[in-house]
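Subject: Structure for your attention, with notes

Dear colleague,

I am handing over the structure we spoke about, and below it you will find notes on what turned up in it. Please read them with the coordinates open beside you.

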Amino acid sequence: MPLNRRSLLGSLAATTLTVASGCSALDANGTTGTNESNASSRGAADIYLHNLRDGAATISVRVAAADADGDEARIETTVDLASAETKRFNNEVVFDADYDVSVSVDGGPSETATWTADSDGGLHVLYNAAENIVFADEFA
């Protein structure tokens, strides 16, 4: 069969679609399993840190997968928050995953909670006037 322009373009299009569809099913490791590397297809949730006290506070936050050995945190930072200030951690955790959320206030309390990120909302961590750390799951 002689090769003409139409058959060449048709073969090229079919080959491109086949290769593209195979690659889109692979994650960053070249596997097809569901894990945190394909977070964009699962969605992501926000975590909000609120200082509800009258004065400023230095607050450390660590968020890691509940089944992790503690080596790889999604969030690990310390922030200075003024009174009534909120810090938003945008899309740092993926839906349908369990996380250990540890919060400690410089010179104050420390708390840890296990939270499941879902599409109903994010997690709000409040440092309140009674010097308590409160975890509140947002819901739609």
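Which side chain has a polar atom 2.9 Å from the backbone nitrogen of N132? It is the side chain of N128, and before I say more about that residue, please keep in mind that this is a predicted model. Once the neighbours within four places in sequence are set aside, N128 is in contact with L52, R53 and V134.

Overall layout

The secondary structure of the protein chain comes to two helices and eight strands, and, read from the N terminus on, the elements follow the order α-α-β-β-β-β-β-β-β-β. Of the 140 residues in the protein chain, 30% are buried, while the accessible surface comes to about 8700 Å², with 49% of it belonging to carbon and sulfur atoms. If you look at contacts between residues at least 6 apart in sequence, 52% of them join residues at least 24 apart.

The sheet with mixed pairing

Four strands make up an open sheet in the order β4-β1-β7-β8, and the pairing in it is mixed. The edges are taken by β4 (86-94) and β8 (133-137), each of which has a single partner strand, so that one side of each is left without a neighbour in the sheet. On average, and with direction ignored, neighbouring strands here are turned by 20° against each other. Within this sheet, β1 (residues 44-51) and β7 (residues 123-127) pair in the parallel sense over five bridges, and N51 has Y127 as its bridge partner in β7.

Strand β1 also holds H50, which has a relative accessible area of 13% and is therefore buried, the cut-off being under 20%. Not counting residues up to four places away in sequence, H50 touches L81, E85, T86, H124, V125, L126 and Y127.

The antiparallel sheet

The other four strands to describe form an open sheet in the order β3-β2-β5-β6, with antiparallel pairing. Here β3 (73-81) and β6 (110-117) stand at the edges, and because each has a single partner strand, one side of each is left without a neighbour in the sheet. The twist from one strand to the next averages 15°.

The individual pairings can be followed across this sheet. Strands β2 and β3 pair in the antiparallel sense over eight bridges, with T58 opposite D80 in β3. Seven bridges then join β2 to β5, which again run antiparallel, and in this pairing R62 stands opposite S102 in β5. Finally, β5 (residues 97-105) and β6 pair in the antiparallel sense over eight bridges, with S104 opposite S110 in β6.

A65 is a residue of strand β2, and its relative accessible area of 15% is the reason why A65 counts as buried. Although A65 and T114 are 49 residues apart along the chain, their C-alpha atoms are separated by 9.2 Å.

The nonpolar core

Which residues touch the most other members of the largest nonpolar core? Among its 25 residues, these are I47, L49, I59, V63, V93, Y99 and W115. At least two residues of this core come from each of β1, β2 (57-65), β3, β4, β5, β6 and β7, and β5 gives the most, with five residues.

With kind regards

Definitions and conventions
Residues numbered from 1 in each chain as written. Predicted model: local features only at pLDDT ≥ 70, side-chain atom pairs only at ≥ 80, totals over all residues. Heavy atoms only, no water. Pairing = 2+ DSSP bridges. Axes fitted to C-alpha atoms, helices over the stretch in contact; angles between N-to-C directions. Polar contact = N/O pair within 3.5 Å; in protein donor to acceptor, adjacent residues only side chain to side chain. Contact = heavy atoms within 4.5 Å. Core = buried A, V, L, I, M, F, W, Y, C linked by side-chain atoms within 4.5 Å. Buried < 20%, exposed > 50% of the residue type's maximum accessible area, 1.4 Å probe, protein only. Areas by Shrake-Rupley, 256 points an atom, 1.4 Å probe, with all protein chains shown as cover.
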